Amino acid sequence: MATIQERTSKKEIITYRVGYYANGKFKYTPTLATREGAEQIKHIIENQGHGVALQLLEAQHLSDKMTLADWFEKHLTMAAIKATEGTIHDYEKIAARSWLQRLGHMSLDMITRQDVVDYVAWHMKQPNQLSVAAPEK
């Protein structure tokens, strides 16, 4: 379980940090500028662990490249020129329930083969319409 702490500086600037337990000790992430960023890091800590979240923060600090989620939004903008609203909506739904939640926060230049392998392994374990509807034998 992770918690978000809102902090206000003397100059009335609001920043955030995410608290989590690691090796029996309560620790905090580096300071984050937005509540949305803190929510995203909290979600990653709770679902993938603090190590993944800290690696992500370090990678983002070193790389100012576009994330996969940003690229996907840009791609949808271009695809919307020829595709229908329903198609774009379907793309968004599929991405949101699959690869976007695991890889979307990563910079394009930081995604490795192992990240994709880990995503595929995770995805294969997720319940889907067929696995939920299939009768057990």
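The questions and answers below concern a predicted model.

Reader: Is Asn23 buried or exposed?
Author: Asn23 lies in the loop between β2 and β3 (25–28). Its phi, near 55°, is a positive value in a residue other than glycine. The relative accessible area of Asn23 is 76%, and over 50% is required for the class, so Asn23 is exposed.

Reader: How many aromatic pairs does the model hold?
Author: Ring centres within 6.5 Å of each other make a pair. By this rule the count of aromatic pairs is four.

Reader: What kind of pair do the rings of Tyr21 and Phe26 form?
Author: A pair of aromatic rings is described by the distance of the centres and the angle of the planes. For Tyr21 and Phe26 the centres are 5.0 Å apart and the planes stand at 70°. An angle over 60 degrees decides the class, so the pair is edge-to-face.

Reader: What is the angle between the ring planes of Phe26 and Tyr28?
Author: The ring centres of Phe26 and Tyr28 are 5.2 Å apart. This pair is edge-to-face because its planes lie at 90°.

Reader: Which residues form one aromatic cluster with Phe26?
Author: Phe26 pairs with Tyr21 and also with Tyr28. Tyr21 is exposed at 59% relative accessible area, whereas Phe26 is partly exposed at 37% and Tyr28 is partly exposed at 34%. The residues that form one aromatic cluster with Phe26 are Tyr21 and Tyr28.

Reader: Which residue lies over the face of Tyr28?
Author: Tyr28 is partly exposed, with a relative accessible area of 34%. At 3.6 Å from the ring centre, over the face of Tyr28, lies Arg17.

Reader: How far apart in space are Lys27 and Arg17, C-alpha to C-alpha?
Author: Lys27 lies in strand β3 and is partly exposed at 36% relative accessible area. Neighbours within four places in sequence left aside, Lys27 is in contact with Val18, Gly19, Tyr20 and Ala22. Lys27 and Arg17 are ten residues apart in sequence, and their C-alpha separation is 9.9 Å.

Reader: Which residues is Ala53 in contact with, leaving aside its neighbours within four places in sequence?
Author: Ala53 is among the members of the largest nonpolar core that touch the most other members. Once its neighbours within four places in sequence are left aside, Ala53 is in contact with Ile41, Ile44 and Ile45.

Reader: Which helix gives the largest share of the lining of the largest pocket?
Author: The largest pocket has a volume of about 340 Å³. Its lining consists of 15 residues, of which Val52, Gln55, His105, Met106 and Asp115 lie nearest the centre. At least two lining residues come from each of α2, α5 (99–103) and α6 (113–125). The largest share, four residues, comes from α2.

Reader: Is His105 buried or exposed?
Author: His105 lies in the loop between α5 and α6. Its C-alpha atom and that of Asn128, 23 residues apart along the chain, are separated by 23 Å. The relative accessible area of His105 is 6%, and under 20% is the limit for the class, so His105 is buried.

Reader: What distance separates the C-alpha atoms of Phe72 and Ala95?
Author: Phe72 is found in helix α3 (68–79) and is buried at 6% relative accessibility. Leaving aside neighbours within four places in sequence, Phe72 is in contact with Tyr91, Glu92, Ala95, Trp99 and Leu100. Phe72 and Ala95 are 23 residues apart along the chain, and their C-alpha atoms are separated by 8.8 Å.

Notes
Residues are numbered from 1 along each chain as its sequence is written. This is a predicted model: local features need pLDDT of at least 70, side-chain atom pairs count only at pLDDT 80 or more; totals for chains, interfaces and linings use all residues. Side-chain values use heavy atoms; hydrogens and water are left out. Buried means under 20% relative accessible area, exposed over 50%, partly exposed in between (1.4 Å probe, protein chains only). Rings of Phe, Tyr and Trp (its six-membered ring) pair if their centres lie within 6.5 Å; planes under 30 degrees apart count as stacked, over 60 as edge-to-face and the rest as tilted. A charge sits over a ring if NZ of Lys or CZ of Arg is within 6 Å of the ring centre and within 35 degrees of the ring normal. A nonpolar core is a set of buried Ala, Val, Leu, Ile, Met, Phe, Trp, Tyr and Cys residues joined through side-chain atoms within 4.5 Å. Contact means heavy atoms within 4.5 Å. On a 1 Å grid over the protein atoms alone, a cavity is a set of points where a 1.4 Å probe fits but cannot get out, and a pocket is an open set with protein on both sides within 12 Å along at least five of seven lines; lining residues have an atom within 4 Å of a point. Grid points are joined across faces, edges and corners, and a volume is the space filled by probe spheres set on the points.
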